[in-house]
Every structure is written in structure tokens, then in C-alpha cells.
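These are my notebook entries on one structure. I set down what I looked up, topic by topic.

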Amino acid sequence: MAKLNIAPTKSNLLAIKEQLSVATDGYELLEQKREILVMDLMRLVERVTLLERDIDKAVAAAYPALRNMLMTVGGDRTERIAHAVKYDFTMREKPVVAGGMTFSSIDVELPKQQLFYSFMGTFADTDRVTVSFFRLLNLLTQMASIRTIVWRLANEVKKTQRRVNALDKMIIPQNRETKAYIESVLEERDRENVFVLKSLKSRKDGGGEP
């Protein structure tokens, strides 16, 4: 790692020591932040995995129920029942804290299930189809919210990791090398000054030339 191109002076040595101290403290704080972010990210990824499993189960229950309904009452009657079902969904932005940071996510408020059709002209599994797809919709809205947080948290982990790497691989080693270089130059100068002073003192004590 190449040292910084600065003059080897005492003032620059004090400055580089301060920079090195700040960089070292920053590295430790960023490393702690990265560990917290990664832990929260892994926790959310686990939730996504569980949601994916639940969604697969919900799909496996909902679509066969719908297919059975189509085969039993026919497509036209199923479509008329579907047109009678009308729900309003409320979507809003919500803050979510993860890794000590606040992210913006979405929250979908599902309405309560209602009976939009009469018992005449329907069959016993109509409610089963409605309940199955309502459950699937609920799981999908949860997945959308969590995936948004996971994506943003993963980007924050990448940014933090880049900063950690920059401090660990470039800034801190460069400052250390510069510090060592300046200290070696200053020590050499001190030795030269001591040698010169001793030589002058020796000449003076020995009665050197005026």
C-alpha cells in the first residue's frame, strides 16, 4: 500500500495519527453495524422462506378449489359470483426499523370477508374458494412488504461492506504506512541533530579552530 504524499513533519504526523484514530474507530463502528444488518437480514430471509412455503400451500389449496367450482357450476355462473364480490383494500406506507435503521415499506389492510352472493345458485364450496384466495392474498401482501425491506436492507449491507473494505484494505493501511514513514524520517532527523550537536560539543571541548 502506497503511503500518502505528504511532507514528513511533526504537524503532519499529528494529523495522520488523528486520521488513523478516526478511521480505526469508524471501522469498528461500521463492522458492528454490518453484523447487526446481516443478522436482521438473515432473520427476514428466514421469514421470506417461511412465507414462500405458506404461499405454496395456499396456492395448492386455492386453485384446485376454484377448478372444482368451475367444474361443478360452470364458468358463467362462477364469473357472475366473482363479479358480485367487491372489496376495497387500503394501502399505506409504513416505517419499519431493521438493523437500527428505518425503512419505508407498504402495509395492506385487508377488509373483512363478506357474503356478496345469495345461497341460491351457489354450491357448498363457494365459501371455501373465497376463504382460500383471501388467505393467499393476505400472504402475498405480507411477502410484498417483507421483500421490499429485504431488498433495501441488502443494499445497505452492500454499502456498509464497501465502506468496511475501504477502511480495512486501503485507508487504514495507507495511514499506518504514512505514519511509520514520517516517524522514521523524524527519528532519523533527530539522530542527525544529536550527532551534529555532539560533534560541535566535541570540537568545542577539544579547542577546535575558532
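What is the mean pLDDT of the protein, and what share of its residues reach 70 or more? I find a mean of 83, with 90% of residues at 70 or more; pLDDT is the predictor's confidence in each residue, from 0 to 100. The model is predicted, and I keep to its rules: local features need pLDDT of at least 70, side-chain atom pairs count only at pLDDT 80 or more, and totals for chains, interfaces and linings use all residues. Residues are numbered from 1 along each chain as its sequence is written, and side-chain values use heavy atoms, with hydrogens and water left out.

**Entry: confidence by element.** Confidence is highest in α1, at a mean of 91, and lowest in strand β2 (residues 101–109), at 75. Helices (H or I, at least four residues) and strands (E, at least two) are DSSP runs, numbered from the N terminus.

**Entry: α1 against α2.** I checked how helix α1 (residues 10–73) meets helix α2 (residues 75–84): their axes come within 7 Å and cross at roughly 120°. Axes are lines fitted to C-alpha atoms, for helices over the stretch in contact, and angles run from 0 to 180 degrees between N-to-C directions. That angle makes α1 oblique to α2; under 35 degrees counts as roughly parallel, over 145 as roughly antiparallel, 65 to 115 as roughly perpendicular and the rest as oblique. Leu66, Met69, Leu70 and Val73 of α1 make the contact with Gly75, Arg77, Thr78 and Ile81 of α2; contact means heavy atoms within 4.5 Å.

**Entry: nonpolar cores.** I noted that the largest nonpolar core has 18 residues, and that Leu44, Ile146, Val150 and Leu153 have the most contacts inside it. Such a core is a set of buried Ala, Val, Leu, Ile, Met, Phe, Trp, Tyr and Cys residues joined through side-chain atoms within 4.5 Å. Buried means under 20% relative accessible area, exposed over 50%, partly exposed in between (1.4 Å probe, protein chains only). Two or more residues each come from α1, β1 (90–98) and α3 (126–205); α3 gives the largest share, eight residues. Another core, of six residues, lies apart from this one and includes Leu20 and Val164.

**Entry: two buried residues.** I located Ala98 in strand β1; Ala98 is buried, at 2% relative accessibility. Leaving aside neighbours within four places in sequence, Ala98 contacts Leu37, Asp40, Phe103, Ile149 and Leu153. Asn175 lies in helix α3 and is buried at 4%.
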